[in-house]
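User: I would like a close look at one part of this model before I set anything up with it. Please keep the answer connected and brisk.

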Amino acid sequence: MTLQTAWLALLGLLLAGYFVLGGYDYGAQMLHPFLGRSREERERGRAPDRNAALDAIAPFFLGNEVWLVAFAGVMFGAFPHLEGTLLPAMYPLIVAILVGLVLGNAAVQLRRRARGASGRRVWDALIVFGGALPALCWGLVVGLLLHGVPRRADGSFRVGFGEVFTPFVLVCGVTTILLFAAHGAGFVALRSEPEVAGRARRLGARLLTATGAAALLALLLTVFGEGASMTNRAAAAAIAAAIVAAIGVARWSFAGGHQVRAFVATCCATALPVLLIGAGHYPYLLISSAGHGLDIGHAVTDDATLKILSGFGVLVVPTILAYQAWSWWAFRGRTGRRHLSYF
């Protein structure tokens, strides 16, 4: 059981890491049209083509997807029964996430080659769409996992339009879009020149106000029996309170100009929903609205396979962490000082 729990913790760590790192990618893409170049950059003769947000994420853009690949690998290898149940149940949302990733990545790469303002506007729209669609769908996935999904007589789970278009799940989707956008604003504020950073902080503060309102609505729906269906209510309540507190700290830090503190707080706010699902439902990984579902014992592979996978995990996970630390160190500092614009 200890090995099973360790692999479950690793699965959650990888998804939370992707929410933190991929979350600011999504956020910067969504805010790209609203954060132009600073006056200092225009005076240097650089074209005011409104890509300050893309400059901020440029060195990390594709590297952050490693966490999603690692998450998928762990789920396929260590939790094959979860993968076989979860992916078919949420197939449309998973496909929408992948479509958004492909379109967003392609648009970011091709935007620089656009000829004329009209062509650039098309790529700009696709960049925003490529950030907003995955953010929305990840929020819907989180909402469905918290709320619970119907289970058929054969033990399989299904998700239809009726399950997605419920107030709680939709509110979770909206909350995630707003939170990721605010997280992206925090990252842009860290990476940009003072004028752009100031605009990003002000925009982040407004986004966090809306995020807090949406999160409180989700909590109210839960209190009145239309929201999350948790197995461990005390743990879930503590983590939900921590999420609200992180949003509040981030909002206060943005307003006070403390952008490092604000970014740390948004990192916590984007990672904690994964802990909410894991700790709030444990020992279940998938739960139905009736309060029972797929537990860890039935989702995980056999112990012999876990021991073999552990040998690979000891090598792969530190490599991912080392790569991420190196990339942050290599491209530290504000854009325009340490490296040129990529996009």
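Predicted model: local features only at pLDDT ≥ 70, side-chain atom pairs only at ≥ 80, totals over all residues.

Over which residues does pLDDT stay under 50, and how many contacts beyond four places in sequence does the model have for them?

Analyst: The stretch is residues 337–342.

Mean pLDDT is 86 for the chain. Of its residues, 89% reach 70 or more. The chain has 343 residues, and 52% of them count as buried. Its secondary structure consists of 14 helices and two strands. Take the contacts between residues at least 6 apart in sequence: 79% of them join residues at least 24 apart.

Some local sites give a picture of the rest. Start inside, with T211. This residue sits in helix α10, which spans residues 194–223. T211 has a relative accessible area of 0%, under the 20% cut-off, so T211 counts as buried. Its side chain reaches the backbone oxygen of L207 at 2.8 Å. Beyond its neighbours within four places in sequence, T211 is in contact with T175, L178, L179 and I247.

Next, the surface. Y91, V95, V99, L103 and F129 make a nonpolar patch of about 420 Å². Helix α6, residues 91–110, gives the largest share of the patch, with four residues. V95 is one of the patch residues, and its place is in helix α6. The relative accessible area of V95 is 30%. That value lies between the 20% and 50% cut-offs, so V95 is partly exposed. T211, by contrast, is buried at 0%.

Last, the backbone. Most peptide bonds are trans. The bond from Y282 to P283 is cis, with omega near 10°. P283 lies in a loop. On one side of that loop is α12, residues 259–281, and on the other is β1, residues 284–287.

Note on methods
Residues numbered from 1 in each chain as written. Heavy atoms only, no water. Buried < 20%, exposed > 50% of the residue type's maximum accessible area, 1.4 Å probe, protein only. Contact = heavy atoms within 4.5 Å. pLDDT = per-residue confidence, 0-100. Patch = residues over 30% accessible without salt bridge, like charges linked within 9 Å, V, L, I, M, F, W, Y side chains within 5 Å. Areas by Shrake-Rupley, 256 points an atom, 1.4 Å probe, with all protein chains shown as cover. Salt bridge = Lys/Arg side-chain N within 4 Å of Asp/Glu carboxyl O. Polar contact = N/O pair within 3.5 Å; in protein donor to acceptor, adjacent residues only side chain to side chain.
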